[in-house]
Every structure is written in C-alpha cells, then in structure tokens.
Amino acid sequence: MAKSTLVITRQPALGGPAPREALDIVLAGGAFELPLALLFAGPGVTQLLTTDSAALEQKDLGANLSALPLFGVEAIYAEAAALERLGIPPEQLPTWVTPLAPAALAALIHDHDQVISL
C-alpha cells in the first residue's frame, strides 16, 4: 500500500514557482491514485482566491486547482487561522476546500506518513 502524503503549500498565489510545483506534485499523485491531501497554509491560502495573474505575467492556478477533485484529490484544506489573519472569509473559498482549526491541522499532519512543504 502506498504511503499517505500531505503536501503543504505556504507561498502566496503569485510568489514564485513553489505554488505551481506543489500543485504539480498533487496532480501527479492524483493521476496515479496515491493517497494524498493538500493543505494551503499561511500566505498560501491566497492561492485559493481569484487573482489577476495575467497582469503580473504569471499563469493562474485557478483552473488547475479546480481540477483537483477530477484527479481524485478530495482532501483539500486551508489553515483557518491564516484565513482569519488575512481577512479572508471562508465563504470566499471554493466549496471543495475545508478550513481547519489548529488542533485539526496537527492531527492532519500527524495522520500522514509523508509531509512535503513548499
């Protein structure tokens, strides 16, 4: 049986290549039906918002993020404390994202065999 993997993405939406790399890892794992989850933490929660990436000459992650459930990736979470710190109401998140409180975050990390943080 494959080990479960949690990918944590911490970089802001347009903060360089790390958000794209995290998404690529998750999409590749989903394509091979590996047990994995994705957590948006800290400034990484901004990846879940609509941005004007064309104005900054970067590719928007929105289309790829919305494809996650199609790849079998349904365990998608956002750090609730980061959402609150950044003034992002949970209602602004896609419906397939679950906000997690600190205790639930600790349990999520503990429950996975491998953790990749970008």
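Predicted model: local features only at pLDDT ≥ 70, side-chain atom pairs only at ≥ 80, totals over all residues.
Trainee: What percentage of the contacts with a separation of 6 or more comes from residues 24 or more positions apart?

Mentor: A contact here requires heavy atoms within 4.5 Å. Among contacts in the protein with a separation of 6 or more, the share of residues 24 or more positions apart is 75%.

Trainee: What part of the accessible surface belongs to carbon and sulfur atoms?

Mentor: Of the 118 residues, 38% count as buried. The accessible surface of the protein comes to about 6,500 Å². The part of that surface belonging to carbon and sulfur atoms is 58%.

Trainee: How far apart are the mean positions of the positive and negative charges?

Mentor: The protein carries 5 positive and 12 negative charges.

Trainee: Which residue of strand 2 is the bridge partner of T5?

Mentor: Strand 1 comprises residues 5-9, and five bridges join it to strand 2. The two strands run parallel. Within strand 2, T5 has as its bridge partner L36.

Trainee: How many residues of strand 2 are buried?

Mentor: Strand 2 has both faces covered. On one side L36, L38 and F40 are buried, and on the other A37 and L39 are buried. The count of buried residues in strand 2 is therefore five of five, with buried meaning under 20% relative accessible area.

Trainee: Which residue of strand 3 is the bridge partner of L39?

Mentor: Strand 2 (residues 36-40) is joined to strand 3 by three bridges, and the pair runs parallel. In strand 3, I76 and A78 point one way while Y77 and E79 point the other way, and all are buried. The bridge partner of L39 is Y77.

Trainee: Which residue of strand 4 is the bridge partner of A78?

Mentor: Strand 4 covers residues 98-100 and runs parallel to strand 3. Three bridges join these two strands. In strand 4, A78 is paired with P99.

Trainee: Is F32 buried or exposed?

Mentor: F32 lies in the loop between helix 1 (18-31) and strand 2. Its C-alpha atom is separated by 9.3 Å from that of G72, which is 40 residues away along the chain. The relative accessibility of F32 is 67%, and the cut-off for this class is over 50%, so F32 counts as exposed.

Trainee: What is the phi of E33?

Mentor: Most residues other than glycine have a negative phi. E33 is located in the loop between helix 1 and strand 2, and E33 is exposed, with a relative accessible area of 72%. Although E33 is not a glycine, its phi is positive, at about 55 degrees.

Trainee: Which residues does L61 touch, apart from those up to four places away in sequence?

Mentor: L61 is found in the loop between strand 2 and helix 2 (62-67). L61 has a relative accessible area of 7% and is therefore buried. Between the C-alpha atoms of L61 and Q47, 14 residues apart in sequence, the distance is 7.3 Å. Leaving out residues up to four places away, L61 touches A13, P19, R20, L23 and Q47.

Trainee: What is the C-alpha to C-alpha distance between S66 and T50?

Mentor: S66 lies in helix 2. With a relative accessible area of 40%, S66 is partly exposed. S66 and T50 are 16 residues apart in sequence, and their C-alpha to C-alpha distance is 12 Å.

Methods: Residues numbered from 1 in each chain as written. Heavy atoms only, no water. Buried < 20%, exposed > 50% of the residue type's maximum accessible area, 1.4 Å probe, protein only. Areas by Shrake-Rupley, 256 points an atom, 1.4 Å probe, with all protein chains shown as cover. Lys, Arg positive; Asp, Glu negative; His and termini not counted. Charge placed at Lys NZ, Arg CZ, Asp CG, Glu CD. Helix = DSSP H or I, 4+ residues; strand = E, 2+ residues; numbered from the N terminus. Pairing = 2+ DSSP bridges.
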